[in-house]
Amino acid sequence: MGNVKFKPLADRILVEPAPAEEKTSSGIIIPDTAKEKPQRGKIIAVGSGKKDEPITVKVGDDILYGKYSGTEISIEGTDYLIMRESDIFGIL
């Protein structure tokens with residue numbers, strides 16, 4: 001988790017997705033085309049929240065989110081997701 005010079009606005013959250021699984025539990029290697037999108041990640045930056053809805057997560061939290069949540073962005077060569085706090089299912 002590096003220092004990212006990015007500050008999300010309102011209820012948006014910057015997430016570093018966990019890497020996709022490379023092998024199954026039995027040791028079979030999964031090709032890139034068959035890998036599922038990760039549904040967990042680490043919060044890198046959070047917005048200040050909305051006036052009537054404060055942010056309840058914090059930087060460093062490991063979270064679960066929906067499979068198709070967020071928008072993929074690249075900052076300084078690293079891929080992240082930016083999503084609203086409401087897209088997060090829970091903290092691990």
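Reply: The side chains of R84 and D11 meet in a salt bridge, with N and O 2.7 Å apart. R84 lies in strand β5 and D11 in the segment before β1, so this pair ties together parts that are 73 residues apart in sequence. Please note that this is a predicted model, in which local features need pLDDT of at least 70 and side-chain atom pairs count only at pLDDT 80 or more, while totals for chains, interfaces and linings use all residues. Residues are numbered from 1 along each chain as its sequence is written, and side-chain values use heavy atoms, with hydrogens and water left out.

Me: What is a salt bridge, and how many salt bridges does the count come to?

Reply: A salt bridge is a side-chain nitrogen of Lys or Arg within 4 Å of a carboxyl oxygen of Asp or Glu. By this rule the count comes to 3 salt bridges. In one of them, D62 joins K42, and the closest N and O atoms are 3.2 Å apart. D62 lies in strand β3 (residues 62-65) and K42 in strand β2 (residues 40-46), so the pair ties together parts that are 20 residues apart in sequence. The side chains of D61 and K58 also form a salt bridge, at 3.1 Å from N to O.

Me: Which residues does D11 touch?

Reply: Contact means heavy atoms within 4.5 Å. Not counting residues up to four places away in sequence, D11 touches G49, K50, I55, M83, R84 and E85.

Me: Where is E85 found, and how far away is the nearest side chain of opposite charge?

Reply: For charge, Lys and Arg count as positive and Asp and Glu as negative; His and the chain ends are not counted. E85 is found in the loop between β5 and β6 (88-91). This residue is buried yet has no salt bridge, and the nearest side chain of opposite charge, K50, is 9.2 Å away. The side chain of E85 does reach the backbone nitrogen of V57, at 3.4 Å. Leaving aside residues up to four places away in sequence, E85 touches D11, I13, P54, I55, T56 and V57.

Me: What can be said of A10?

Reply: A10 lies in the segment before β1 and is partly exposed, with a relative accessible area of 25%. The C-alpha atoms of A10 and E85 are separated by 9.6 Å, although these residues are 75 residues apart along the chain.

Me: How are the strands arranged in the sheet?

Reply: Strands (E, at least two residues) and helices (H or I, at least four) are DSSP runs, numbered from the N terminus. Two strands pair if DSSP finds at least two bridges between them. Here an open sheet of 6 strands has the order β4-β5-β1-β2-β3-β6, with antiparallel pairing. The edge strands are β4 and β6, each of which pairs on one side only.

Me: Which strands pair with β5?

Reply: Strand β1 (residues 12-17) pairs with β5 (residues 78-84) in the antiparallel sense over 4 bridges; there, R12 has R84 as its bridge partner. Strand β4 (residues 71-75) pairs with β5, also in the antiparallel sense, over 5 bridges. In β5, T78 stands opposite I75, and Y80 stands opposite I73. The hairpin of β4 and β5 has 2 residues between the strands, and E76 takes a positive phi near 50° there.

Terms used. Buried means under 20% relative accessible area, exposed over 50%, partly exposed in between (1.4 Å probe, protein chains only). A polar contact is a pair of N or O atoms within 3.5 Å; within protein, one must be able to donate a hydrogen and the other to accept it, and residues adjacent in sequence count only if both atoms are side-chain atoms.
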